[in-house]
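Please consult the sequence and the structure below alongside the text.

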Amino acid sequence: MTTFLDTAKVTVESVHLKRWRTVRPPLEDRVGIWSSPAVIAPNNFVYKSLSDWAFNIAVGCSHACRFCYVPSAATIKQAPKLAEYGVKDPDAEWGDYVLLRPFDEDKFLASLRSAENTPRDRLKPDGNRAVMYCSTTDPYQVIHHPNPEKQRELSRQARYLVRRSLELIRDHSTLNVRILTRSPLARADFELFRSFGPRLLFGMSLPTLRNDLAKIYEPKAPAPSQRLTTLQAARDAGLHVYVAVAPTYPECDETDLRATLKAIAELRPKTVFHEPINIRAENVARIETQASSLGIKLRTEVFESRQSWQKYAVSALQTVERLAKEIGISDRLHLWPDKSLGSLALANSMPSPKDHMKWLRKYWERVSEWPK
Ligand code: SF4
């Protein structure tokens, strides 16, 4: 019988590294314009309480986070189309391709009307009738292109896509908006965000305050210190903020988590989300490849078997829960325990299986805060 450990090793050693060594087509083929326009579409979140819909500006993401779940879910379905852009393996090449969706105002408005007119009883109770920017890419990433003129044009189009669509949502609907980014470039739109009043929440992913650690796991994303400064600026600008302490890495120890949560508490966020890295398709292989290319040892042993990962995940979630209590922000804490943590085998291995399930359900059923 093949164990989870064997599967992970086979993936890393036999498949992933070979793919990474494959000669890839030039960057200019894999950075450009996607074939279909950006529209508001229902999202597929499970137990996240982030939004009912998402607006994704691109296929691919230049931040290249090694743990990213997107290539294992959304992007993998685009594989045949991505092949036309020279992307042979959407998972292994994650972070190397960004294809900006064009803006077609008529199609966008049609998707906006469809979302606006969705009967409330058909929406998930935890979605807050919100559109998320973005769920499978970052709305404020820098799109790198070797030709400076093309890079400028792509940046201009990306900026127009975000700003124009936001203006249309604000003026032609009653929907809420949730921004989630890792980029300080969002500051350029703070005034626009403010014009939404309580209809918009601005948030950033901040799993650690350690710039050195983030550089390994999120190699092309702006440093956590820049993100914290941006969140403080958002707060000072009068925006309603939230923070996703997500996903934390196995190297985020108690000292690091406490420092991160203390800094976040100062922002008086509406909600503090947290989850550790979940195993999704080949993301462990991507993390292993990154460690090996940097010649460093990461604590990837926590991903070696389903049991070791579950133990790590429960411990990380409970540590953050305890620290949030210590810091006085438990009322705003919204953990994201993966649904696999509800497996019968795990529940039965806990001192009190009933309490374990009650703890999970408390967060699975929680509706995140929205300003009045
Ligand atoms: S910023 Fe988000 S979408 Fe982009 S690579 Fe990182 S986790 Fe994935």
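G328 is found in the loop between α11 and β11, where helices (H or I, at least four residues) and strands (E, at least two) are DSSP runs numbered from the N terminus. The model is a predicted one: local features need pLDDT of at least 70, side-chain atom pairs count only at pLDDT 80 or more, and totals for chains, interfaces and linings use all residues. Residue numbers start from 1 along each chain as its sequence is written.

**Loop residues**

- G328 is exposed because 11 other C-beta atoms lie within 10 Å; a residue is buried if 20 or more other C-beta atoms lie within 10 Å of its own, exposed if 12 or fewer, and partly exposed in between, with C-beta atoms placed from the backbone.
- The C-alpha atoms of G328 and V243 are 16 Å apart in space, and the two residues are 85 residues apart in sequence.
- K339 belongs to the loop between β11 (333–335) and α12 (344–349), and K339 is exposed, having 12 other C-beta atoms within 10 Å.
- Not counting residues up to four places away in sequence, K339 touches V46 and Y47; two residues are in contact if their C-beta atoms, placed from the backbone, lie within 7 Å.
- W34 is located in the loop between β1 (31–33) and β2, and W34 is buried, with 20 other C-beta atoms within 10 Å.
- Leaving aside neighbours within four places in sequence, W34 is in contact with A58, V59, L99, L100 and R101.
- For W34 and L100, 66 residues apart along the chain, the C-alpha atoms are separated by 5.5 Å.

**Packing of α9 and α11**

- Two packed helices are described by the angle between their axes and the distance between the axes.
- Helix α9 (residues 254–265) packs with helix α11 (residues 306–327) at an angle of about 45 degrees, and their axes are 10 Å apart. Axes are lines fitted to C-alpha atoms, for helices over the stretch in contact, and angles run from 0 to 180 degrees between N-to-C directions.
- That angle makes α9 oblique to α11; angles under 35 degrees count as roughly parallel, over 145 as roughly antiparallel, 65 to 115 as roughly perpendicular and the rest as oblique.
- The crossing of α9 and α11 is right-handed. A crossing is left-handed if the near helix is turned anticlockwise from the far one by less than a right angle, and right-handed if clockwise.
- On the α9 side, E254, L257, R258, L261, K262 and A265 meet T319, V320, L323, A324 and I327 in α11.
- The residues of this contact of α9 with α11 comprise seven nonpolar, one polar and three charged. Ala, Val, Leu, Ile, Met, Phe, Trp, Tyr, Cys and Pro count as nonpolar, Asp, Glu, Lys and Arg as charged, and the others, Gly among them, as polar.

- Helix α5 (residues 148–172) has 25 residues and reaches 36 Å from its first C-alpha to its last, close to the 36 Å expected at 1.5 Å a residue; the expected span is 1.5 Å times one less than the number of residues.
- L154, A158, L161, V162, S165, L166 and I169 are the buried residues of α5.
- These buried residues of α5 pack against β3 (53–55), β5 (98–100), α4 (105–116), β6 (130–133), β7 (176–181) and α6 (190–194).
- The axes of α4 and α5 cross at roughly 40 degrees and come within 11 Å; α4 and α5 are therefore oblique to each other.
- The crossing of α4 and α5 is right-handed.
- F108, L109 and L112 in α4 meet S165, L168, I169 and H172 in α5.
- The contact of α4 with α5 has five nonpolar, two polar and no charged residues.

**Backbone geometry**

- Most residues other than glycine have a negative phi, and most peptide bonds are trans.
- Y47, in the loop between β2 (40–42) and β3, has a positive phi of about 60 degrees although it is not a glycine. With 20 C-beta neighbours inside 10 Å, Y47 counts as buried.
- R129, in the loop between α4 and β6, has a positive phi near 50 degrees. R129 counts as partly exposed, with 19 C-beta neighbours inside 10 Å.
- The peptide bond from Y133 to C134 is cis, with omega near -5 degrees, and C134 is found in the loop between β6 and α5.
- A cis peptide bond also joins A246 and P247, with omega about -15 degrees; P247 is in strand β9 (residues 240–248).
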